[in-house]
Each structure stands twice: as structure tokens, then as C-alpha cells.
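Trainee: I would like to go through this model with you. Please show it first, and then we can start with the terms.

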Amino acid sequence: FKRHGLSVDHVSTSETNVTVSLDAAANEVDRDTLAALVEELGSFCRVQIFDGCAAISLVGRHIRGMLHELGPALEVFEEHRIHLVSQAANDLNFTFIVDDEQGQRLVQRLHELLIRAAPDDRIFGATWEELTATEGFERKRRRVRAWWSVERRRLLEITPLDHAVYVYDIATIAKLAGRLRGLDAVDRIFYAVKANPHPAILHALEHAGVGFECVSPGEVHRVLQTCPRIKPERVLFTPNFAARSEYDFGFEHAGYVTLDNLYPLRHWPEVFEGRSIVVRIDPGHGKGHHRYVRTAGSHSKFGVPLFELDELEALASAGRIRIVGLHAHTGSGILDTESWKDNAVLLGDLSRRFTDVSALNLGGGLGVPEKPDQPALDLDELGELLLSVKSAYPSLELWLEPGRFLVAEAGVLLARVTQTKGKLGVRYVGLNTGMNSLIRPALYGAYHEIINLTRCDEPATELVNVVGPICESGDQLGNERLLPPTEENDVILIANTGAYGHAMSSQYNLRKPAEEIVLEHNSGYTENVSTKEELGQNCTV
Ligand code: LLP
């Protein structure tokens, strides 16, 4: 390598394989140099070049022992190739070669699984963010003070003794809607009602100028009952595998109906004859915080695949159907802007083919960090890339349909401690509600910050599993959380539960899920104040 003027970034070896990474850009590798290198290496071994790739290595002792933990991280690769996996014979290193653009995703997933999951492990020490924190970063982290820490006293007062409650802060929703409405390139925002259909939330969003995306007649009815004067063009109906009658319903009650399969056009063309529709396209690969919420690609049931576009065109022209919008939604809980860019490029391209198209719906999925040190979605970056799409297609409207982003942070779940327990080195804190109110940790392994609101100012010294009263071992709200020594009747706050919390709750075990309370206004939502100072370490967001 030296002879060819190439610097090697990383070497990983196994018994039958040596993988060497070169940073092609830094090395300015030209074809001739590479060819000469390959020829020379060819006298020792078979050489294979993976171009445009990233090598991701796990390094540590007994790395093989953690292979079983890697499954969820590798799920991201359902639709992408892993070119090579090599495991060092000395069990110190495990390397994956993946496409360059997938590298960051894999690193993030591995980090979440293996490193964030063990926050207090001395081996890992300080987080990357902490190590590289500049003063600006620290300030930025402190600037955002959760509404619920300001409202702590009020929340402690309103938490009932005998049942749990969701509490929503409408001011936070209005603020978040304002941020999205501030994206110049975005013409319309449709709130994904499934995230939280509480009437007060719908009212607030209607008032903020947001429209509604509904996936069922029930959601459409809820919107029309709550906002009776709303114009139809602010209601978008996006059902999936719906019965024929639901499309009739949609055309009657909603301004736009989205079709995500050709079956209805093939089998019930009369329902769509002469209508205008939006078509949901499957861009080919999904994204999101868990495989259940990745809604594109071969493993997902949503969207018209690209290979059916000729048939779509033929069916539409036979039925005099106008395709006025193209839609793509790749998944939920996405924290980088790449997928909206990809959707925009794809749909923009397709709009040249479907000439009645006047809007591109780039979907929802805007993620919200689960943990305080996780980087947030960069809205400025999203705004800029959408502006560039807008300038390429100035005659097209751009739509977004976020759910989580608008409501997740506005909701908290408040529950009381019922019992505590220690068993074989594991401590449990039991609450008066569990997966019947909040199923996300059990279903997706989702992380929600958990705070003992009663004892915010006491040092967090106990590592506990926070569980509910439901008859399943999966009834866990958070594992290995640091809390102050916790007692019966303490109020436990579970943060970021405004989205897909109450909406996904159930009566399982015939236990009523948490009720909902709306805070009409919150006093003194302030910025630039360190929560740590006022409420103790445990309340910092
Ligand atoms: N548009 C469409 C077509 C969708 O299917 C969804 C969500 C959204 C918009 C809104 O996605 P959001 O912006 O909220 O990420 N229960 C899961 C999320 C499922 C989302 C399903 N579709 C969770 O708790 O994470």
C-alpha cells in the first residue's frame, strides 16, 4: 500500500480474510493506482474491491459473545446489502461492509443497542457529545426546558391517587406547529390524527392552520365533529387495505383520497371514475425507529410499487381518473433528513410522467429524540433541502403529514408507585398502569425518559426496572433506569408520550388505561434556565 502511495485507515483480519479500508476521497485514488495495487495483491490472495462502502467494526474483548444482540441493528438491512461480514480469529473485532450511505444508519443502531443501552457502563465513559461538547452545545442542551419540569407542582397535584393520567400541554403543540409552519417550502401540513386524536389537540392544530391526515372513517368523523367548519381540502383520507365502501365515504367527506394499491382500480373502477386521487408510491426502502414502523420496501404492505406504474397509468386513463398528488411515507421516527430528500427526488421525477399532479406529499415520520443527548432532526436542513426541491418544481405544492413531531413532547404519562421489589439483584418499581396505557416500550423497545417527579431533587442512586400491573413479562415501561430510592405513591412521570400513547392504549386485563387531562395553559415556560439547578439532576431534559 505504501508503494502505491495509499494510506490504510483500518485493517481487520480473520482466519481467511483481510479487510482493508481506504478513504478513497482522502487518498485521491485513481483507477490506474488501484489496478496496480490489485495486481500486486493478486499474487498473495484473491482481491475484491467494494466501492462506495463503509466498514463498521465492533472492537472489544469476546466480541462474538454479543452477536445475538445485533439482530435488531441488522434489521435495517432487510432491503440493503451487507457486502461482507468478517470476524477476527482473536475474537477482538467484528466488521461489516455496507453501502456508504447505510453506514451512518448502522452505526446509529449499533450505538443505540450496545452503547446507549448501557449508559452507566464505566468502559464507555463519557458520550461522544460530552467529550466534544463546546460551550455552544452545552448552552443548546440547556436551552430547552421541558414544559413538565416547569409545571412540576401542578402535575403532582393533579395526579390521582388511584389511576394514571396522560397530561397534554397545548402550548407546546402550538409551538411545534409554528416551527413546521415556518418551513417556507412547505405549502400544507396534514397532522396524522392517529398519533393522538384528542379533540383539544385537533382544535389547537386547526387553529394553527394545520390540516388532518386520517386513516379511517372514525378519524375523519372525529375531525369533522371537532372542527365542523373545516374546509374539505384540509382533510386527507389515506386508508390502507380498506373496504370498497370506505372509498365512497372518503370521496364524500374528505378533500383528498389517497390510494395505495391498484386492487381498487382493477376491481372497483366505477368508484374512482372521473375522480381526482392522490397515489401513494412505495419508494422501495423504508426507514424508522423499528421494523414495524418502516412503511416502504418489499416487507411493507403499503404503497404502489414502481413496477406497477405503467398499469397505474393505464387504469387511470381508462377511468378518466386524475392523479393530482403523489405521496410517499417511508416510516416513523426518522431523525435524518435524507428520506424526505429521496422521496422528493423520486416523486418530483414521477410528476413529469403524471401530468395532472399538483402536489407532492412527502409523508410524515419526523422523529423526536428519545434521549436527551440524541441529536434532534435538523429542521433547518430539512427546510433547505425542501426549498431546493421547490425551486426544481416551482409549480408543485409540497406537503408534509407529521404525527409524532407535533404531539410527542406535549404529553406525559403520570402514574403512582404501587409496590417495589428486589429479586436476585434486580430492583423493580411497580406502577398503577403499564402496557395497557403505553405499549411502545413492549412493542418496539421504545425508550421513554422516566422521572420520579416526587423526588426530583434527590440523587438518583438505584438502578430499577419500571413495570406495570399487567400479566405479561413484557409489561415494562423502562429497564435499568436510575431513579432516587422510590416509595409507594410517588408520582412517576414518563416523558414524550403525547404521540401513540393513549391512541394505542387498551383495556387489556380489563384495566382501564390512563385518562387524559389537558393543561389549558402553562405558566412561565422559560428557556435558558438549567433544570438541573432547580429540580436536580434527574429532571434535566
Ligand atoms: N403518514 C402516514 C401515511 C403514516 O402511515 C404515518 C404513520 C404518518 C404519516 C405519521 O407518522 P409520524 O410522523 O407520526 O411518525 N405507533 C408507532 C408509529 C406508527 C406510525 C404509523 N404511520 C410508534 O408509536 O412509534
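Mentor: Helices (H or I, at least four residues) and strands (E, at least two) are DSSP runs, numbered from the N terminus. The expected span of a helix is 1.5 Å times one less than its number of residues. This is a predicted model, where local features need pLDDT of at least 70, side-chain atom pairs count only at pLDDT 80 or more, and totals for chains, interfaces and linings use all residues. Residues are numbered from 1 along each chain as its sequence is written, and side-chain values use heavy atoms, leaving out hydrogens and water.

Trainee: How far apart are the end C-alpha atoms of helix H9?

Mentor: Helix H9 covers residues 170-181, which is 12 residues. At 1.5 Å a residue, H9 should span 16 Å, and the distance in the model agrees: 16 Å.

Trainee: Where on H9 do its buried residues lie?

Mentor: Buried means under 20% relative accessible area, with exposed over 50% and partly exposed in between (1.4 Å probe, protein chains only). In H9 the buried residues are Ile170, Thr172, Ile173, Leu176, Ala177 and Leu180. Seen down the axis, they fall within an arc of 155° (taken from the directions from the helix axis to the C-beta atoms), so they line one face of the helix.

Trainee: What is the mean pLDDT of the protein chain?

Mentor: pLDDT is the predictor's confidence in each residue, from 0 to 100. In the protein chain, 90% of residues reach 70 or more, and the mean is 88.

Trainee: How many contacts beyond four places in sequence does the model have for residues 522-541?

Mentor: Contact means heavy atoms within 4.5 Å. Over residues 522-541 pLDDT stays under 50, and the number of such contacts is 53.
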